[in-house]
Amino acid sequence: MSHKRTLTPSDASRFSKEIRDHERIEHIDHSAHSFDSTDEELLEHYTRYPNRWSRIREYLREPAAEFFGVMILIIFGAGVDCQVVLSADSRVASSPKGDYLSLNFGWAVGTALGVWVSGGISGGHINPAVTIALATFRDFPWRKVPAYIFAQVMGGLCGAGIIYANYIHAIDIVEGGRHIRTVPGTAGLFSTYAMDYMTSVSCFFDEFLGTAVLLIVVMAIGDARNGPPPAGLAPLVLFIMILGIGAALGMQTGYAINPARDLGPRLLTAMVGYGSDVFTFRNHYWLWCPVIGPIAGALVGTFIYDALFFTGAESLLNKPDAKARAHHERARNAERQRPIAGVDNV
């Protein structure tokens with residue numbers, strides 16, 4: 001005899017609850033699967049090297065930033081030199097387009113914008129003297145120095161080439177023809193040449209002094225314990241500094257204070273018709289004044305700042321000496337030999 005069980009209201013409620021729980025579990029599983037798929041897609045999209053070019057760019061981005069930083073510096077700096085000097089000739093322009101203060105502003109703007117473009121990527125050195133000083137006294141890796149300096153000099157050469165192409169007709173008018181190029185003459189629009197009355201020692205000291213001041217300010221900008229400028233405003237400080245150096249120290253040697261700013265454009269002038277005179281001028285002035293002078297000034301300026309003001313551990317002058325290392329080693333050994341807290345109670 002078969003017995004049929006009547007479905008009570010409590011049974012129906014329990015059955016309905018089981019169905020809802022099963023549907024909820026299926027929904028959660030489906031949602032989790034969707035989230036997992038989304039996470040996998042995000043992880044795939046945000047890999048460090050999403051394609052082949054991104055891997056190549058990883059090696060190029062810092063030197064490229066230095067290249068374009070210096071190129072921008074020269075486009076504004078050599079550009080203002082050409083505009084102000086060439087426009088003073090009535091055959092080129094009806095009236096002069098600027099004065100010495102215009103030159104100072106042009107180089108200051110070029111420096112600020114060059115650092116703005118490159119600062120977040122390469123540190124915004126745009127100056128071999130800065131690179132060498134940071135590698136010597138700070139923790140900037142020496143292995144990066146050759147690539148940085150090469151990129152900086154090539155940026156200077158390319159920036160000068162762009163400006164030369166832009167002002168070539170005005171240069172032809174001032175010089176008297178396409179095949180006439182004089183040194184210093186219009187070569188001085190691109191590289192620095194000292195005043196005739198300056199002695200060799202005076203030329204060297206002028207560049208040395210300007211670059212030492214430059215590096216003291218640069219080190220202060222990057223010192224977190226010395227009131228650095230707000231984030232993103234370092235280029236403004238550099239604008240003020242270059243404007244001041246040009247206004248106070250720029251007349252006698254042209255304030256190169258940057259080997260790449262001088263050597264890159266000098267190479268360009270040698271290539272476009274000015275010849276070897278750009279290098280033999282005043283017993284190889286190009287080497288000992290706008291190259292060696294700024295490097296020496298940068299090293300001394302950084303040394304002065306680190307010796308007297310900087311307390312960061314990354315400075316060569318703040319590395320622990322033998323006595324400090326021995327004390328640290330003894331303290332570490334003593335810490336290791338201390339019993340674990342509460343071990344006697346186990």
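Student: By class, how many nonpolar, polar and charged residues does the lining of the second largest pocket have?
Tutor: This is a predicted model, where local features need pLDDT of at least 70 and side-chain atom pairs count only at pLDDT 80 or more, while totals for chains, interfaces and linings use all residues. Residues are numbered from 1 along each chain as its sequence is written, and side-chain values use heavy atoms, with hydrogens and water left out. With Ala, Val, Leu, Ile, Met, Phe, Trp, Tyr, Cys and Pro taken as nonpolar, Asp, Glu, Lys and Arg as charged, and the others, Gly among them, as polar, the lining has twelve nonpolar, nine polar and four charged residues.

Student: What is the volume of the second largest pocket, and which residues are closest to its centre?
Tutor: A pocket is an open set of 1 Å grid points, over the protein atoms alone, where a 1.4 Å probe fits and protein lies on both sides within 12 Å along at least five of seven lines; lining residues have an atom within 4 Å of a point. Of the 25 lining residues, the closest to the centre are Val85, Leu103, Gly188, Tyr193 and Gly254.

Student: Which element gives the largest share of the lining of the second largest pocket?
Tutor: Helices here are DSSP runs (H or I, at least four residues). Both α2 (52–86) and α3 supply at least two residues of this lining, and the largest share, four residues, comes from α3.

Student: Which element supplies the largest share of the lining of the largest pocket?
Tutor: The largest pocket holds about 760 Å³ of space, and α3 (100–122), α4 (128–137), α6 (200–221) and α7 (234–249) each give two or more residues to its lining. The largest share, six residues, comes from α3.

Methods
Grid points are joined across faces, edges and corners, and a volume is the space filled by probe spheres set on the points.
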